[in-house]
Amino acid sequence: MTKPDKKILQYIPGGLLYMPAFQKNIVGKIKSNSIDCLTSIAFCLEDSVRDEVLDEAENTLIKILRELQPIKNLPLIFVRVRSPEHLQTVCKKLSGLTEILTGYIFPKFDLSNAKNYSDVLGEINRGREKILYAMPILETEPVADIFSRRENLVRIKKVLDEIENYILNVRVGVNDLSNFYGLRRDVNHTVYDVGVIRDILIDIINVFAKDYIVAGPVWNYFDDGKNISWREGLKKESEEDRLNGFIGKSAIHPSQLPYIFESLKVSKADLDDANQILNWDSSSHGVAKVGGRMNELKCHLKWAERIKILSEIYGCRD
């Protein structure tokens, strides 16, 4: 199946479902279409796999990808590697299977490894017709610390800008960022209630969101069959993600996916406004009133393009 170009593809990860590379039962679940709202998968070879069984995990991943190869209409598939050197190793091991991959996830991405990651990414894409994209995760101490953060973010963006065609999303590792301060939000609070973490996320949006899709943080709670607090918290945080400019969210459990998917739907009022802006029919006016809202062609054009794409992928919640 031919994947859409990057302009559309970058919105499709949606709820990115993380799982260890040992997750062999995912093949049956994909075949039976038993996971609702599954748009993308991340097979993790990093934190979720102990060092001493990494080879075993990689071999299991090869078997999984081989079984997935014949299936039509697969979700987007990513592999989370450990380092630029590991990326090279994994690419060699997965030779012949990369056609079903959308790309790789680069954890703990900062100035200590950004150039090496970008060099390897350019190398593996050289001569390829189908691009293997990257999604770097910002989650290290230089990105968090107020004394180094802004300079580091600006310099990281300059590295990414050199390989912009290969960058699908920028992602945030909120658990690692929280760990530096000994913090963890509970089920009744969103990450935006944690001031020091909120400030880091807003700086990341400020630097990257003009040119890249930035995905929202993972929500640590899911359905345990006992209460619905996890669900209300996820819905609230997803709404705040959207208001602050994040698109999509990392997921750790399939029960989270329908709520992330729902949060990516657009309202009927927003879609109507977007259509008016994208089909502007006035030769003299750059502003128009619609009900109790004002649309400005120059100010709202980028927003309208985003709303239109999201509506085509996720639909309209009204």
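The term salt bridge here stands for a side-chain nitrogen of Lys or Arg within 4 Å of a carboxyl oxygen of Asp or Glu. Helices (H or I, at least four residues) and strands (E, at least two) are DSSP runs, numbered from the N terminus.

Before we go on, please keep in mind that this is a predicted model, where local features need pLDDT of at least 70, side-chain atom pairs count only at pLDDT 80 or more, and totals for chains, interfaces and linings use all residues. Residues are numbered from 1 along each chain as its sequence is written, and side-chain values use heavy atoms, with hydrogens and water left out.

How open to the outside are these two partners? Asp51 counts as exposed because its relative accessibility is 58%, while Arg82 is partly exposed at 25%. The cut-offs are these: buried means under 20% relative accessible area, exposed over 50%, and partly exposed in between (1.4 Å probe, protein chains only).

A search by the salt-bridge rule gives a count of 25. Another one joins Arg150 and Asp203, with the closest N and O atoms 3.2 Å apart. Here Arg150 belongs to helix 7 (residues 149-162) and Asp203 to helix 9, 53 residues apart. Arg150 counts as exposed at 58% relative accessibility, whereas Asp203 is buried, with a relative accessible area of 9%. Salt bridges can also form a network, as they do among Glu46, Asp47, Arg80, Lys108 and Asp176.

Now turn to helix 4 (residues 84-93), where Pro84, His86, Leu87, Val90 and Cys91 are buried. Seen down the axis of helix 4, these buried residues fall within an arc of 150°, so they line one face of the helix. The arc is taken from the directions from the helix axis to the C-beta atoms. What do the buried residues of helix 4 pack against? Their partners are helix 3 (54-68), strand 3 (76-80), strand 4 (103-106) and helix 5 (114-125).

Aromatic rings come next. The whole structure holds 6 aromatic pairs; rings of Phe, Tyr and Trp (its six-membered ring) pair if their centres lie within 6.5 Å, and planes under 30 degrees apart count as stacked, over 60 as edge-to-face and the rest as tilted. Phe106 and Tyr117 have ring centres 4.1 Å apart and planes at 10°, so this pair is stacked. The two are 11 residues apart, with Phe106 in strand 4 and Tyr117 in helix 5, and both are buried. Phe261 and Tyr314 have ring centres 5.0 Å apart and planes at 75°, so they are edge-to-face. Phe106 and Tyr117 also form one aromatic cluster with Phe109.

Leu183, in the loop between helix 8 (174-179) and helix 9 (195-208), counts as partly exposed at 35% relative accessibility. Apart from its neighbours within four places in sequence, Leu183 is in contact (heavy atoms within 4.5 Å) with Ser178, Val194 and Val196.
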